[in-house]
Structures are given as C-alpha cells and as structure tokens.
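Here are some notes for a first look at this model. Please read them with the structure open beside you.

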Amino acid sequence: MIRVQLPRNVPELVAYAMGFEREAVSRFHEYAGYLRETGHHGMADIFRRMELVERAQLEALQERVAGGKLPELQPCDYARHLLATRNALELAFPKAPRNAREALVLALAAERRAEIYYRDAVANSADPMVRGLAADLAAGEHRHVRVVERLLARATAGGAREERRAAA
C-alpha cells in the first residue's frame, strides 16, 4: 500500500504544487509536439494552451513564495501518492500518447490525481493555512478536470462519428 505524504505546512504544499505544475507543463508541451507531428493540429493547439495555463499557475506559485525557502522535493516525492514505483509513472503517463484521445485521457488522469491530492490535504491537514491554500488549488484542478472532460467527450463523439462513417 502506498503511503501518501501530505504537506505539513504551506512551504511544503507550495513545493508539491510546483512539482505538479512543472510536470504538467512538461507533459502538455510534449503532447502538443507529438500531436502536431502526427497531424492533430487542433488538439496540439489545445495542449499548447493547457501548457500555458499550467505555466501561469507555476509562475503564480513562484511569485507567492517570492524567493522564500522551499523544501527540495524529488519527482518521486510528489508522485508517490499516484503510483507504487517510479517506473510505473512512465507506464501510466507515457511521453507519446498513441492519439489525441489518449492524450486527453492521460491529461484527465493527471488533473484528477492533483485534485485528489489537494482534497486529501484539505481533509487531513492540521494547519488551517494549508487547508485554505489546498482548497484553492483543488478548485483550480477541478476546473481543469471539467475542461478536459468536455474536450474528451467531444473527441470521443467525433471518433464515434468517424467509425460509423467508415463502417457505412
């Protein structure tokens, strides 16, 4: 069983949040490039916009700490609540999705996991400052989840239409 390490204070929460945002920026950038290379230009543009949103959140977090000292975390520190091993992270979130729908599924999973992490911090932290910031971060991730769910629903509906046309 994986033991979730929740933040004990605001600097730890910000450090974890910055780790999540850096990972999202990197992944969405890679997905946009891959999708553009495979001819999915519209979806590549969407992932580029999602990358910019995540980058803006990362910058806002950096401004929030304004040069303050944060604990140094390794990716396995903020990802341990997601998966049992580091190798599993790459298996669950491959760098090159097979298609636009898979990229959306992977993005949705990442956004949901971040939201769950923040909601866990809200529910289990003894520090009211951590609970307040975690609630704000969870709300932001929830908005991202909703956006990606809508994109995925449209992509799934579009794929189903193409399959029906091909079968006819």
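1. Start with the buried residues of α2. They are M43, A44, I46, F47, M50, E51, E54, L58, L61 and V65. Two glutamates, E51 and E54, are on that list. Keep in mind that this is a predicted model. As background, an α-helix has 3.6 residues a turn, so residues three or four places apart point the same way.

2. Next, the length of α2. The helix has 25 residues. From its first C-alpha to its last, α2 reaches 36 Å. That is close to the 36 Å expected at 1.5 Å a residue.

3. What follows α2? The next residue is A66, and its phi is positive, near 35°.

4. Now pair α2, residues 41-65, with α1, residues 10-37. The two axes come within 8 Å and cross at roughly 160°. Angles over 145 degrees count as roughly antiparallel, so α1 is roughly antiparallel to α2. The crossing of α1 past α2 is left-handed. Which kinds of residue make up the contact of α1 with α2? There are 16 nonpolar, four polar and nine charged residues.

5. Turn to E115, in helix α5, residues 100-124. Is E115 buried or exposed? Its relative accessible area is 11%. Buried means under 20%, so E115 counts as buried.

6. Look at the neighbours of E115 too. Leaving out residues up to four places away in sequence, E115 touches A138, E141, H142 and V145. One of these, E141, is another glutamate.

Technical notes:
Residues are numbered from 1 along each chain as its sequence is written. This is a predicted model: local features need pLDDT of at least 70, side-chain atom pairs count only at pLDDT 80 or more; totals for chains, interfaces and linings use all residues. Side-chain values use heavy atoms; hydrogens and water are left out. Axes are lines fitted to C-alpha atoms, for helices over the stretch in contact, and angles run from 0 to 180 degrees between N-to-C directions. Helices (H or I, at least four residues) and strands (E, at least two) are DSSP runs, numbered from the N terminus. Angles under 35 degrees count as roughly parallel, over 145 as roughly antiparallel, 65 to 115 as roughly perpendicular and the rest as oblique. A crossing is left-handed if the near helix is turned anticlockwise from the far one by less than a right angle, and right-handed if clockwise. Ala, Val, Leu, Ile, Met, Phe, Trp, Tyr, Cys and Pro count as nonpolar, Asp, Glu, Lys and Arg as charged, and the others, Gly among them, as polar. Buried means under 20% relative accessible area, exposed over 50%, partly exposed in between (1.4 Å probe, protein chains only). Contact means heavy atoms within 4.5 Å. The expected span of a helix is 1.5 Å times one less than its number of residues.
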